[in-house]
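Me: Hey, I've got a structure open and I'd like to talk it through. Can you help me read it?

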Amino acid sequence: MEDLILKHVSLEHPANQQSHETEGLSSKHLVVRRGEPFRVTLFFQGRLFNPDRDSLVFRAQLGGLLVKFPATFSKPQSYSQWNAEIEPGKSARSQSVTVTILAPAFSPIGLYELCLHVLTQPRQYSYRIGEFVLLYNPWCPADSVYLQTEDLREECVKSDVGFLYMGTSKNVIPRPWEFGQYEEGILEICLDLLKISPQHRRNWQKDYLCRSDPVYLSRVVCAMINCEDDRGILKGNWSGVFKNGVSPSEWSGSADILKLWAESKFSPVHYGQCWVFAAVMCTVMRVLGIPCRVVTNFNSAHDTNANLVIEEYYDGMGKKLHMSKDSIWNFHVWVECWMARRDLGSGFDGWQVLDPTPQERSGGIFCCGPSPVKGIRDRRLNLIYDVPFVYAEVNADVHTVIVQNGQVLSRSVDKERVGSVICTKSVGSALPQNVTSAYKNTKAVMPSNRSTDGSPRSRRSYANREEKHTLALSMSLDKTPIAGETISFTVTVTNKENSPKILKEHINAQAKEYNSSPLETFWEVHNLLRLAPYEVKTTVHHITHSEYDEMLLGDGLVNLAVVMQDIGSYERVLVTEEFNITNPLISISMTGNDYVVKNEKREARFLFRNPFHIPMSGVLTVMGAGLLHKKVHSNVSLQPGEIMEEKISFTPKAAGTKMLHANLVFKNRPMVIRGFTTVLVRAT
């Protein structure tokens, strides 16, 4: 009698990856999700498969861990074990046998080897039939990363483009970002990240077993995004000097960073700051199947002594001083990942904060989280991991002190500034979604001063919150400051007493980075004002472009302070505001029809006018996942007032909502000009 010999195996890549929501993640491996069955078809030669005398036993192996399970015609009795079901019908007494394999919803994730043992009478044969990658499954209710709504799964798992939000809480700037999880090789790089982690090198068996738990895996990934303890992906740099590396502001996607890291044999990529760390982590988590989104906390406190108080010091002329180790970042960016927290008991499932920016050690390594957002809101400071640190980032009080010759002249407390707005990308929209109320008991409102195209919407005023003074002081910007234009603002002072006053007005402007204290003063004025009883007086001030142009740093941030001093009583009132100067945008438009069709060539036009009083030169980079095969670069040189016009052709390769975006990186200024537009690609 002829032997039963395995001739060929079909892992049925297209059908499996469509049903597992993994299309496009890898051209090299079958990619499936735990808790969802996948099909394998075995083709034999010699004789027909006879279930009465032939048995099939599969072996799935993750590194040195393996599990064996027989293929049967019966439905599995338990979904808590690996199982294989032979599809009834043609599989019995046939030369082709289709088997449905199920990995339990708590299986460790990673790259598995699949083997088959064919047991016949009296022989047995063993075959290595292929590899498959097993990922977390947010579509499976039994998985600890299960996310109920399809629109959130689309946004936080499958979407490969998005926005990071920067600037200030009153002038939020959307920055396009390509997460790039469908680019060739990215999945394999993410799996390599797990294998070279310290946890894997220290005890590979334990690491493989623990990969079933997203809490464990998220801490491994979080620590590997920075390189402070290991061979991590990114080297942080906040010095402002980026020699022998790339300025963090020039990155526009995760895939370039991950590929550079892999190509360098896992040496850290230079350089990253908070939004880059967070965006790269978001890519890795989405690839591995854990729902993830990037979150920005505006006015984020770094409380070094854990007393929930940030002290800021000014001199009598309104200059901000370096007198505290504590700091408030204009914005700080982390990620939220969705998972169950069975290690904490009931009530803490859902979004968890993870922060890969190396700030403080957690369990001896530079990572932060996962911290349950519900625990942060409820001030459950006893919960793991790192809840007290994140709680302080969104809840610390700000004590503002005016000092002179070592003496405190005035002190005020602001309980609302820190964590004033916390936002993430809205589902299916470029607009930010306000999630502040998920972190704290507040009624914070998203600012409406900027639309997504960068145009100003409304005038804002900022009032001093100190109520004990006999003077009331406020300051308002006349409009959103735009680079190349004059900054105009109004100062209003009110005499609250029935007696005249003579006042000294001191106004001070300092440039700063988003995560640091201001530098030296670049603009100041000092005036003498006279107020009648109960008089309200308004003064208008202007800072011309030539006065701030060369002083501003890459973030375009200004710390503006006004001190009003009563000569008679020596009373001093301080009002401050940190605002960002908005860069002009690149305009992007499609030529021809309003709609775009898959596989049809189209052309886009990119326009930018140089608003500065000096010539500007740099490199324009255009990119678009699913629209352009690769980035397009062109050199740009513009005289003052000159308009750049570039036309670039593209052919969409996939239907759906895509994003075309451009960066213009100037060589003679630390500045990046951006533009983006969404493109709806029709299938036909």
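Me: Which residues in α6 meet which residues in α8?
Reply: On the α6 side they are Leu-217, Ser-218, Val-221, Cys-222 and Ile-225, and on the α8 side Phe-277, Val-280, Met-281, Val-284, Met-285 and Leu-288. Contact here means heavy atoms within 4.5 Å. Before we go on, this is a predicted model: local features need pLDDT of at least 70, side-chain atom pairs count only at pLDDT 80 or more, and totals for chains, interfaces and linings use all residues. Residues are numbered from 1 along each chain as its sequence is written, and side-chain values use heavy atoms, with hydrogens and water left out.

Me: At what angle do α6 and α8 pack?
Reply: α6 (residues 214–225) and α8 (residues 274–288) pack at about 140°, with their axes 10 Å apart. The axes are lines fitted to C-alpha atoms, for helices over the stretch in contact, and angles run from 0 to 180 degrees between N-to-C directions. Helices (H or I, at least four residues) and strands (E, at least two) are DSSP runs, numbered from the N terminus.

Me: Is α8 mostly buried or exposed?
Reply: Buried: that goes for 15 of its 15 residues, so α8 is largely enclosed by the rest of the structure. Buried means under 20% relative accessible area, exposed means over 50%, and partly exposed is in between (1.4 Å probe, protein chains only).

Me: How far does α8 reach, and what follows it?
Reply: From its first C-alpha to its last, α8 reaches 21 Å, close to the 21 Å expected for its 15 residues at 1.5 Å a residue. The expected span is 1.5 Å times one less than the number of residues. After α8 comes Gly-289, with a positive phi near 100°.

Me: Switching to strands. What is the order in the open sheet of four strands?
Reply: The order is β28-β27-β30-β31, and the pairing is antiparallel. Two strands pair if DSSP finds at least two bridges between them. The edges are β28 (521–531) and β31 (572–580), each pairing on one side only. On average, neighbouring strands here are turned by 15° against each other, direction ignored.

Me: How many bridges link β27 and β28?
Reply: Ten, in the antiparallel sense, with β27 covering residues 501–512. In that pairing, Lys-504 stands opposite Leu-528 in β28.

Me: Which three strands form the other open sheet?
Reply: They are β32, β34 and β37, in the order β32-β34-β37, again with antiparallel pairing. Here β32 (587–590) and β37 (643–650) are the edge strands, and the twist averages 20° from one strand to the next. β32 pairs with β34 (residues 602–609) over four bridges, and the bridge partner of Met-590 in β34 is Ala-604.

Me: What about β38, which strands does it pair with?
Reply: β35 (residues 616–623) pairs with β38 over six bridges, in the antiparallel sense. β39 (residues 672–682) also pairs with β38 in the antiparallel sense, over ten bridges. A hairpin of five residues joins β38 to β39. Across that pair, Thr-657 has Leu-680 as its bridge partner in β39, while Ala-662 stands opposite Gly-675.

Me: How much of β38 is buried?
Reply: Nine of its eleven residues (β38 covers 656–666) are buried, so the strand is mostly covered.

Me: Last topic, the loop between β17 and β18. Where does Asp-343 come in, and what is it in contact with?
Reply: Asp-343 is found in that loop, between β17 (327–339) and β18 (350–354). Leaving aside neighbours within four places in sequence, Asp-343 is in contact with Val-215 and Ile-384. Asp-343 is partly exposed, with a relative accessible area of 41%.

Me: And Val-172, buried or exposed?
Reply: Val-172 is buried, at a relative accessible area of 8%. It's found in strand β11 (residues 171–178). The C-alpha atoms of Val-172 and Val-421 are separated by 9.9 Å, although the two residues are 249 residues apart along the chain.
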